[in-house]
Amino acid sequence: MSLEKIITILISLVFMSATSFAQTTTSTAGQFTFLKKGDEAPFNGTLFDPVATAKIISDKAFAERECLLNLKHEKDLLNATCEKETDLLSSALEIEKRKNNLIVNAQQEEIETLRKLAKGSDNTLWTAIGFALGAATSIAIFFAAAEIAK
């Protein structure tokens, strides 16, 4: 899964969870007041004691921190995975480069060997000597056979 997909999913989850905790009221301004025991409430609503209010505020802060930590964890995990894959690909590339260099060097050596074979050495002198010796041997054998036949 790509880094962009995971970040998109995490951000979507944050927004969906934020909207699920939102109250559905007609007014978005909201009202707040402190009451003492026996006081009449100036508006309809929900009453929280200081401990409950503190818990709501701390839960919100905790949820934000937890989300940021989860996001950082996922980001670090993706970075580590990406770095691992990059290192593996770099290693594979180096191996392929070395293999290619070995193949090219072997081909160059083979080309040089074949060029030397195709060019050959200067055998003209040896060819002439071989021809002369062969002709002389043939003439000698002919005369020897002619003498034996007499």
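How many residues apart do E96 and K99 lie in helix α2? They lie three residues apart, about one turn of the helix.

## Basis of the model

This is a predicted model, in which local features need pLDDT of at least 70 and side-chain atom pairs count only at pLDDT 80 or more, while totals for chains, interfaces and linings use all residues. Residues are numbered from 1 along each chain as its sequence is written, and side-chain values use heavy atoms, leaving out hydrogens and water.

## Overall fold

The chain has three helices and zero strands. Along the sequence the pattern reads α-α-α. Helices (H or I, at least four residues) and strands (E, at least two) are DSSP runs, numbered from the N terminus. Helix α2 covers residues 50–119. Helix α3 covers residues 124–149.

Of the 150 residues, 2% count as buried. Buried means under 20% relative accessible area, exposed means over 50%, and partly exposed lies in between (1.4 Å probe, protein chains only). The chain exposes about 14200 Å². Carbon and sulfur atoms supply 64% of that area. Accessible areas come from the Shrake-Rupley method with a 1.4 Å probe; for residues, only the protein chains shown count as cover.

Side chains of opposite charge can pair when their charged atoms come close. The rule for a salt bridge is a side-chain nitrogen of Lys or Arg within 4 Å of a carboxyl oxygen of Asp or Glu. By this rule the count is five. Among them are D59 with K55, D76 with K72, and E96 with K99.

D59 and K55 have their closest N and O atoms 2.9 Å apart. The two residues are four apart in helix α2, so about one helical turn separates them. Both ends are partly exposed: D59 at 38% relative accessibility, K55 at 48%. In the bridge of D76 and K72, the closest N and O atoms are 2.8 Å apart. D76 and K72 are also four residues apart in helix α2, so the separation is about one helical turn. D76 is partly exposed at 37%, and K72 is partly exposed at 49%.

E96 and K99 have their closest N and O atoms 3.4 Å apart. E96 counts as partly exposed because its relative accessibility is 44%. K99 is partly exposed too, at 43%.

## Surface of helix α3

Which residues form a nonpolar patch on the surface? They are L125, W126, I129 and L133, with about 470 Å² of accessible area together. Patches are made of residues with over 30% relative accessible area and no salt bridge; like charges are joined within 9 Å, and nonpolar side chains (Val, Leu, Ile, Met, Phe, Trp, Tyr) within 5 Å. I129 is found in helix α3. At 36% relative accessibility, I129 is partly exposed.

## Aromatic pair

A search of the whole structure finds one aromatic pair. The rings of F142 and F143 have centres 5.8 Å apart and planes at 65 degrees, so this pair is edge-to-face. Rings of Phe, Tyr and Trp (its six-membered ring) pair if their centres lie within 6.5 Å; planes under 30 degrees apart count as stacked, over 60 as edge-to-face, and the rest as tilted.

Are F142 and F143 buried or exposed? F142 is exposed, with a relative accessible area of 56%. F143 is exposed as well, at 51%.
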